[in-house]
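Q: Could you show me how to read the helices and the chain contacts in a model like this one? Let's have it on screen as we talk.

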Amino acid sequence: MTSGQAEVTPVEEKPARLIGGPGLLLVWFYGVMVVGAVSRSAYQITTEFDRAPLAYSLSAAAGLVYGFITYSLVRGGETARRAAQVCCAAELAGVLVVGTWTLVDRDAFPDSTVWSDYGMGYVFIPVLLPLTALFWLRGARARQAG
Amino acid sequence: MLDVLTLVTGVAALLLAAWCGWAAYRDQPTKDWHFIGMAVVSVLALVQLIVGIVQLARGEEPAQGTTIFVAYLLGAFACVPAAGFMSLGERTRWGSVTVAAGGVVLAVLEVRLYDIWTG
């Protein structure tokens, strides 16, 4: 049996396409996070906002960032790639700041957010996703240039 | 009834994930058989959605609230078809990986559904 790992996956050579190959998986996970974060915060904000306003607002903000990144990835092109890169960096910063914040100051968060404990409630996808995405978007530029 | 269905759908979703993961490992895109598998899992999720709504109509209450329950039922139903649709446009192993990820996400949703129903 030949080892499938040894072969490098050929990546779509069409310029500025961001959802070919591994990018598709990325879009899938971002899509899942959009649905998760947006529906969760929409429900919590409309029904029990007073219980944990900070946590629910942060979840809503996370949902918006995820939504924008998903849109940028699907749209493609150099501008969208840069915008997505900025947002992924912001997302990573958000996860790290909010993750640390929730660990340090538990009293500020009567209920958890999407980014609580670095996204532990979502199998750490919130912290892994921006890292993977930044790596992917950097590679996308290299592929376009080369 | 609903518990059994949740279990069956969850297991089916994991099997689908393993199957498509295997296809990805062998560097293959999703094929007709995979789509039939996705259809089977999707039908299970649809039956679950219908049974869940019937249970609600009968006056049974999910432990963690009706809105969340219905939202998760809808999400579970949409999950695999969405991943399958995406894999149609990506005729490489990454299409298979995406469907495998869809199966895993559905399995997680089933666990959450069980929690939401039983409390």
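A: Happy to! Helices here are DSSP runs of H or I with at least four residues, and strands are E runs of at least two. Keep in mind that this is a predicted model.

Q: With that in mind, how many helices and strands does chain A have?
A: Chain A has four helices and zero strands, and its pattern along the sequence reads α-α-α-α. Of its 146 residues, 37% are buried.

Q: How do I describe two helices that pack together, and what is the case for α1 and α2 of chain B?
A: Two packed helices are described by the angle between their axes and the distance between the axes. In chain B, α1 (residues 2-25) and α2 (residues 32-57) have axes that come within 10 Å and cross at roughly 160°. An angle over 145 degrees counts as roughly antiparallel, so α1(B) is roughly antiparallel to α2(B). The crossing of α1(B) past α2(B) is left-handed.

Q: Which residues meet there?
A: From α1(B) they include Leu5(B), Leu16(B) and Trp19(B), and from α2(B) they include Met38(B), Leu44(B) and Val51(B). The residues of this contact comprise 16 nonpolar, seven polar and no charged.

Q: And between the chains, how many residues are in contact?
A: Here 19 residues of chain B are in contact with 14 residues of chain A. On the chain B side, α3 (66-88) and α4 (93-118) each supply at least two residues, and α4(B) gives the most, with eight residues. By class, that side of chain B has nine nonpolar, six polar and four charged residues.

Terms used:
Residues numbered from 1 in each chain as written. Chains lettered and ligands numbered in written order. Predicted model: local features only at pLDDT ≥ 70, side-chain atom pairs only at ≥ 80, totals over all residues. Buried ≥ 20, exposed ≤ 12 C-beta atoms within 10 Å, placed from the backbone. Axes fitted to C-alpha atoms, helices over the stretch in contact; angles between N-to-C directions. Parallel < 35°, antiparallel > 145°, perpendicular 65-115°, else oblique. Left-handed = near helix turned anticlockwise from the far one by under 90°. Contact = placed C-beta atoms within 7 Å. Nonpolar A, V, L, I, M, F, W, Y, C, P; charged D, E, K, R; others polar.
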